[in-house]
Amino acid sequence: MACIGMFSTCPFEVSLVQYEGLRMTQKMQMFSAACMPKRNILASAKKCKTIKAMASPTVTAPKREKDPKKRVVITGMGLVSVFGSDIDTFYTKLLEGESGISLIDKFDASSFPVRFGGQIRDFSSKGYIDGKTDRCLDDCMKYCLVAGKRALEDANLGYETLNNMDKTRIGVLVGSGMGGVSTFNNAVDALTRKGHRKISPFFIPYTIPNSSSALLAIETGLMGPNYSISTACATANYCFCAASHHIRSGEVDIMVVGGTEASLIPSGVGAFIACRALSQRNEEPKKASRPWDKHRDGFVLGEGSGVLIMESLESATKRGARIIAEYLGGAITCDAHHMTDPRSDGLGVSSCINKGLEDAGVSPEEVNYVNAHATSTLAGDLAEVNAIKQVFKDTSELKMNGTKSMIGHCIGAAGALEAITTIKAITTGWLHPTINQDNLEEDVTIDTVPNFKKKHEVNVAISNSFGFGGHNSVVVFAPFTP
């Protein structure tokens, strides 16, 4: 399903930099290993108690929003991924069915039972972060700053343009599931090895989880709403839903919104090993992430960042912005069941999808593409499919794929990267494959776009993200029509 963790960030020094565009000239009880459950936490749990719940009644979906002040469109996108920072390259790699999973070499993983992941290589922040700042920032924040600035550039919201706009009407909302864990680890290491005097004075200010959003606002001067949301692997979708409310309420015109994560470090990998969440297919890392396949054995940890520019149609029209797609709506719910296991009846997810469609003003029959959460876990994959089939009674025209089969599970950034993927499916008319589909589960009767891309004109798409704690989220996108 997803992951939850501590938050940390990294020391940061604000400096005056010349720019051209945006470039430079609940209570948790902690268990010891000895008292950890002996079962796999990702397998179906025994029912602890009966929870009475009722599904939301089926209602006729309202008409889509017509008010240009309340219609939310996408005018820019930016990312940092295992396939680089160029969106077209990223999606081309996905269409080709290329796996970005490889053996970890950013630290010595030879003693770990899991030695692979979706590691980002050859990352460069040149042109987006000055050298002095780059040296002190956690990768989580670096990824956010680069993805965020690239998204602003893509929306034609460079430095000079922003200077001529009311920056109090532009907000930033970038979440993270775990935050700057490298920085946190470094501080703990300094404390245990050398004593408290060696802890950086910047440690406390930059342990807080909102640092990525804050730093992006500081660098760009955006003075609207600025905060972060952390709901494990549902983080980015929660951010999209919240951002849309700021726009539709009239509080802002534009929101810079997404997720970022950089937890592919010894403690990050070790933690997920401890809770038996990860695939251990070390001899075939590129075949490890295999959603819905009978031989799946856990997810593959990844990293990266994705940012969207969400804007009111009125604002986008006034400034002559290129409109990429439309955000129709979304919803969030809670399973209220178990910390890690999904509800076997799929009620939390199915109700979330129904609420999301209602918010978007569309009926289930209009949806013909699902970018699934699909982490490659034993319980999660089938629970999601069962929920989807509860909502979409006729799935004959429905396509569903799993982006994580190629890039791994990027935790708080997962929903953001998958939102970009969903939008690219809309704009290109091509769906990327779900790779490693060798022996599909019998219950999966929906077309998963197995192993090869498919041409598909998307009418309405949904993107699902779910997180530890029972956090469910669904966002709805569609081609823009005036």
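**Confidence.** I began by noting that the model is predicted. I looked up the pLDDT and found a mean of 89 for the protein, with 87% of its residues at 70 or more. I then turned to residues 1-59, where the pLDDT is below 50. Beyond near neighbours in sequence, this stretch has 150 contacts in the model.

**Helix H6.** I asked myself how many residues of helix H6 are buried. The helix spans residues 211-220, and eight of its 10 residues are buried, so I wrote it down as mostly covered. I listed the buried ones as Ser 211, Ser 212, Ser 213, Leu 215, Leu 216, Ala 217, Glu 219 and Thr 220. Just after H6 I found Gly 221, with a positive phi of about 75 degrees.

**Nonpolar cores.** Which residues touch the most other members of the largest nonpolar core? That core has 50 residues, and I noted Phe 240, Leu 308, Met 310, Tyr 327, Ile 407 and Phe 477 as the answer. I followed up Phe 240, leaving aside its neighbours within four places in sequence. Its contacts include Val 257, Gly 258, Leu 308, Met 310, Tyr 327 and Val 475. I also found another core lying apart from the largest one; it has 30 residues, among them Met 141, Leu 157, Ile 254 and Ile 309. As background I wrote that nonpolar side chains tend to be buried together in soluble globular proteins.

**Aromatic pairs.** One of the pairs I looked at is Phe 272 with Phe 299: the ring centres are 5.4 Å apart and the planes stand at 75 degrees, over the 60 needed, so I recorded the pair as edge-to-face. Phe 272 is in helix H8 (residues 266-274), while Phe 299 is in the loop between H8 and strand S9 (304-312), so this pair ties together parts 27 residues apart in sequence. I checked burial as well, and both Phe 272 and Phe 299 are buried.

I next took Tyr 327 and Phe 477, which form an edge-to-face pair at 5.8 Å centre to centre, with 75 degrees between the planes. Tyr 327 lies in strand S10 (residues 325-334) and Phe 477 in strand S16 (residues 471-478), so I noted a link between distant parts of the chain, 150 residues apart. Tyr 327 is buried, with a relative accessible area of 1%, and Phe 477 is buried at 0%.

**A charge over a ring.** Last, I looked at Trp 430. The charged end of Lys 453 sits over the Trp 430 ring, 4.6 Å from the ring's centre.

How values were computed
Residues numbered from 1 in each chain as written. Predicted model: local features only at pLDDT ≥ 70, side-chain atom pairs only at ≥ 80, totals over all residues. Heavy atoms only, no water. Phe/Tyr/Trp six-rings, centres within 6.5 Å; stacked < 30°, edge-to-face > 60°. Helix = DSSP H or I, 4+ residues; strand = E, 2+ residues; numbered from the N terminus. Buried < 20%, exposed > 50% of the residue type's maximum accessible area, 1.4 Å probe, protein only. Lys NZ or Arg CZ within 6 Å of the ring centre and 35° of its normal. Core = buried A, V, L, I, M, F, W, Y, C linked by side-chain atoms within 4.5 Å. Contact = heavy atoms within 4.5 Å. pLDDT = per-residue confidence, 0-100.
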